[in-house]
Amino acid sequence: MIQITRRETFNAAHRLFNPKWSVEKNFEVFGPCSRVHGHNWELFVTVIGEVSEDTGFVVDLKALSKTMREEVISKVDHTYLNEDVPFLAGKLPTTENFAIAVWNILQPAVKEKHGVDLYKIKLTETANHYVEYYGHS
């Protein structure tokens with residue numbers, strides 16, 4: 001088995017704000033992130049499988065890129081994650097929750113369209129922080 005990763009980028013804004021709390025409590029917990037702000041996000045999708053004797057690939061990275069763009073990037077690029085993205089509705093759009101939602105979309109799509117298993121999602125919010133998610137335990 002071998003792993004291979006594809007990276008895509010997008011821009012999106014969000015606000016870390018729990019509506020059950022006061023503005024003051026939200027600022028205490030989330031700081032300036034309790035205000036609307038944006039990021040240049042990076043999504044890394046790692047799949048695992050065997051190398052094809054015919055192509056030398058585990059997966060065609062152009063095709064994987066197309067799946068990532070169709071299933072996720074087109075739905076989140078230049079959006080306000082709190083309000084514009086149906087698959088995040090009702091969730092606080094933290095990097096953690098966002099990564100789990102992306103996994104839940106891509107895991108079946110990657111298997112169906114490419115015949116390989118999704119191994120890991122890495123979602124980078126800033127140069128200093130990212131989430132890696134390997135699916136449900």
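1. Arg6 counts as partly exposed, at 27% relative accessibility; the term covers the range between buried (under 20% relative accessible area) and exposed (over 50%), computed with a 1.4 Å probe on protein chains only.

2. The model is predicted: local features need pLDDT of at least 70 and side-chain atom pairs count only at pLDDT 80 or more, while totals for chains, interfaces and linings use all residues. Residues are numbered from 1 along each chain as its sequence is written, and side-chain values use heavy atoms, with hydrogens and water left out.

3. The structure holds seven salt bridges. One of them pairs Glu71 with Lys113, with 3.0 Å between the closest N and O atoms. Because Glu71 belongs to helix 2 (residues 61-76) and Lys113 to helix 4 (residues 95-114), this pair ties together parts that are 42 residues apart in sequence. Helices are DSSP runs of H or I with at least four residues, strands are runs of E with at least two, and both are numbered from the N terminus. Glu71 is partly exposed at a relative accessible area of 21%, and Lys113 is likewise partly exposed at 40%.

4. A further salt bridge joins the side chains of Asp117 and Lys111, at 3.0 Å from N to O. Asp117 is partly exposed, with a relative accessible area of 33%, as is Lys111, with 41%. Through shared partners, salt bridges also link Lys66, Glu70, Glu71 and Lys113 into one network.

5. The largest nonpolar core has 31 residues, of which Phe10, Leu43, Val45, Val47, Phe98, Leu106 and Ile121 touch the most other members. Such a core is a set of buried Ala, Val, Leu, Ile, Met, Phe, Trp, Tyr and Cys residues joined through side-chain atoms within 4.5 Å. At least two residues of this core come from each of strand 1 (2-14), strand 2 (37-49), helix 2, helix 4, strand 4 (117-126) and strand 5 (129-133). Helix 4 supplies the largest share, eight residues.

6. Apart from neighbours within four places in sequence, Phe98 is in contact (heavy atoms within 4.5 Å) with Phe10, Trp41, Val76, Leu81, Phe87, Leu88 and Leu123.

Definitions and conventions: A salt bridge is a side-chain nitrogen of Lys or Arg within 4 Å of a carboxyl oxygen of Asp or Glu.
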